[in-house]
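Keep the viewer open and follow along point by point.

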Amino acid sequence: MIWSLLASLLASFAARSVADGQAFSGLAPKKFLNIPLGQVKPAGWLHDQLVVQTNGLAGHEHEFYDYVSQTDWTGGNSYYSSLEEAGSYWFNGMVPNGVLLGDATIQSQVQQFLDYVLDHQDSTGWLGPEVNTTKPRYLWGRYPFFFGAIQMVEANPSLADRVVPALHKFVSLANTMLHNGEGLEDWTRTRWEDFVMTLQWLYDFHPEGKEDLLIDTMKMLKYTGDPWEEVFKEEYFPKVAVENLRNPFPVLTWHGVNMAEGLKALPATYRFTHNQSDLDAASKGWDLLFQYHGRPSGIYAADEYLAGLGAARGTELCLVVVLSTPLSGSFLYQVIGDPKFADRVERITYNALPATLTGDMWSRQYLQQQNQIAAKNMTPPYSNVFGLEPNYPCCTVNHPQGWPKFISNAFVKTPDQKSLVHVYLGPFSVDTTLADGNKVSVAVDTLYPFGDTLTTTIRADRPFTYHVRIPSWVSKGTIAINGGAARAVSPSNGLQAVSVKAGTTKFTLNLPADITIESRPNNSIAVHRGPLHYAYDIARSQKVLARNAQQPLAVDLEFDATAPWQYAIDPSSLTFHGGSPSGGKLPSPIFDSGLPPFTITATACPIDWSVAGDTFAAAPPVNPACTGPATNITLWPFGATKLRIGEFPTFKAT
């Protein structure tokens with residue numbers, strides 16, 4: 001009933017707004033502007049991580065994986081649903097991967113993909129594999145393709161001559177379809193915001209005199225789509241796992257990936273409504289998600305649908321990459337400017353993302369667990385093995401966007417384009433031009449998050465103000481500029497300002513952090529230091545369940561614990577150990593057992609802790625008794641663990 005009433009009200013408002021226009025015209029500015037693809041590149045260990053991804057599953061799908069190698073987006077016959085997202089997902093992730101590494105093979109593959117799709121646009125304006133077929137024409141599957149095409153134009157502006165007219169032709173068709181109630185199904189209705197972001201890119205950079213049509217299409221998408229401003233209201237928001245709750249809105253709104261999509265719907269809406277309430281609702285929705293479903297790894301739980309706070313419940317890999325990229329977290333920061341979004345994106349990327357892939361990135365999970373004592377065929381079926389396409393293919397083609405888009409959005413510009421802002425900390429290089437032709441290059445030398453020190457060298461034609469984010473977890477951070485004495489950082493809204501003169505400026509940040517303890521259900525705790533969450537890495541055996549006939553490196557792996565994991569820890573005993581890697585260089589890959597240089601030790605004792613379901617750890621026992629003598633255990637960065645305990649019962653050592 002609630003949804004029927006809302007639908008009626010929104011449809012009425014849509015009719016009025018489309019007919020009469022809004023009180024405001026144009027798009028509201030963002031707090032920060034993204035930098036075109038290719039101007040921010042990874043360095044150091046982060047470059048190595050992208051090489052690992054390219055040498056792994058992501059970089060080889062085009063050779064053997066049917067949903068890519070034979071995708072119907074380029075004339076093949078392979079697809080996994082009528083949504084037609086497989087080919088466009090892959091394209092969206094591999095465009096930035098190829099550009100950031102200068103990989104000629106990948107760049108050729110995505111160029112051929114783009115050319116084929118544009119060459120086969122039909123006379124109506126439709127783009128995609130439905131051309132010249134009787135397949136249903138749903139809008140959603142195009143949206144990842146649009147994101148990939150936009151990135152290609154950013155990296156190579158000469159492509160605008162082909163891409164922009166094709167997009168405008170499609171927009172004209174889509175506008176008519178929306179007014180006629182066509183092209184809509186449940187996934188399109190919930191992910192309308194992706195198309196709005198594409199329309200806003202056209203409006204900002206290539207309007208071609210079609211501003212009114214672009215705005216009208218944005219409005220029609222919103223008012224034919226799911227009402228995210230209502231979904232994120234506290235009175236309707238689910239505060240426990242949802243399997244036994246009735247959703248007053250369309251069922252897919254409580255789907256985990258769609259929740260991440262919905263978070264950006266409101267800042268996207270704000271840009272054409274100019275209503276502060278849209279931003280307030282987005283910020284509140286973000287807080288509610290993590291309050292009631294959050295994980296110490298930075299992400300929230302949704303094994304398909306929102307799953308509460310239990311440590312054995314899962315999180316889908318697609319959700320991880322959507323929330324950590326411009327598809328949600330980065331976009332929220334760029335529109336709203338609250339540093340809480342940037343802090344969490346960094347946590348997700350350095351913890352949850354690597355935790356759900358093998359170190360060599362050849363095998364991925366569908367669902368990861370906070371407390372994960374086995375990775376094998378469980379319920380839901382085959383969801384937490386590490387493999388080629390456990391449970392469903394979407395994460396195989398979608399996961400490659402995670403690292404590249406985190407990298408490409410690590411820096412932004414202020415709206416006047418006079419200042420550069422370093423958002424996500426890590427090793428990077430930047431070559432860009434600010435306002436008034438001010439050419440700037442930046443090199444950031446650091447092992448962060450496996451080191452506390454960042455040395456930044458800036459070369460600029462003219463003076464300007466540089467900003468660098470100081471994360472909320474930093475304790476007693478300092479900055480030393482051009483060899484001067486170190487002084488305490490003094491960030492404003494999370495950003496430290498640095499005055500840069502013409503020529504070369506060099507500064508060093510030292511950003512230490514204290515060990516912090518997060519309270520979790522059942523009186524358990526999680527352990528953090530800086531951006532990294534720490535977990536007990538359970539020794540494991542490995543069994544190959546399946547091997548791809550065309551690519552023997554693509555394997556499905558079962559992991560089983562080979563050592564006890566049932567421990568309580570004494571929080572007062574936690575001790576940080578910050579080692580330095582040999583030769584100052586981190587091993588590659590870094591996210592695997594025993595490889596990171598940072599650890600935390602704890603005094604622990606064995607306890608009775610039962611197994612539940614299909615080899616899940618039961619909820620951490622409350623106030624457990626020790627069943628043996630105290631011992632020392634080592635906690636490792638969560639992203640390097642594949643079997644783990646990340647939420648511990650506690651005891652007091654005597």
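1. Let's start with the surroundings of Q365. In this predicted model, and setting aside neighbours within four places in sequence, Q365 is in contact with L317, A355, T356, Q372, S383, N384, V385, F386 and P390. You will find Q365 in the loop that runs between α17 (339-355) and β6 (367-369).

2. Is Q365 buried or exposed? Its relative accessible area is 0%. Residue Q365 therefore counts as buried, the cut-off being under 20%.

3. Please look at the polar atoms of this side chain too. The side chain of Q365 reaches the backbone oxygen of L367 at 3.3 Å. A polar atom of the Q365 side chain also lies 2.9 Å from the backbone oxygen of N384, and N384 is one of the contacts listed in point 1.

4. Next, the sheets. An open sheet of 7 strands has the order β2-β10-β11-β12-β17-β14-β15, with antiparallel pairing. Its edge strands are β2 (40-42) and β15 (487-488), each of which pairs on one side only. At the β15 end, 2 bridges join β15 to strand β14 (residues 478-481), and these two run antiparallel. To locate this pairing, find I479, which stands opposite R487 in β15.

5. Another open sheet has 3 strands in the order β7-β22-β21, again with antiparallel pairing. Why is one side of β7 and of β21 left without a neighbour in the sheet? Both β7 (374-375) and β21 (540-547) stand at the edges with a single partner strand each, so one side of each has no neighbour there. Strand β21 is joined to β22 (residues 555-561) by 7 bridges, and the two run antiparallel.

6. Finally, have a look at strand β25 (residues 598-606). This strand is mostly covered, as 7 of its 9 residues are buried.
   - Strand β23 (residues 567-569) runs antiparallel to β25 and is joined to it by 3 bridges; A568 has C605 as its bridge partner in β25.
   - Strand β24 (residues 575-578) pairs with β25 in the antiparallel sense over 4 bridges, and G578 stands opposite F598.
   - Strand β28 (residues 631-637) is joined to β25 by 5 bridges, also antiparallel; here the bridge partner of T601 is T634 in β28.

Technical notes
Residues are numbered from 1 along each chain as its sequence is written. This is a predicted model: local features need pLDDT of at least 70, side-chain atom pairs count only at pLDDT 80 or more; totals for chains, interfaces and linings use all residues. Side-chain values use heavy atoms; hydrogens and water are left out. Buried means under 20% relative accessible area, exposed over 50%, partly exposed in between (1.4 Å probe, protein chains only). A polar contact is a pair of N or O atoms within 3.5 Å; within protein, one must be able to donate a hydrogen and the other to accept it, and residues adjacent in sequence count only if both atoms are side-chain atoms. Contact means heavy atoms within 4.5 Å. Two strands pair if DSSP finds at least two bridges between them.
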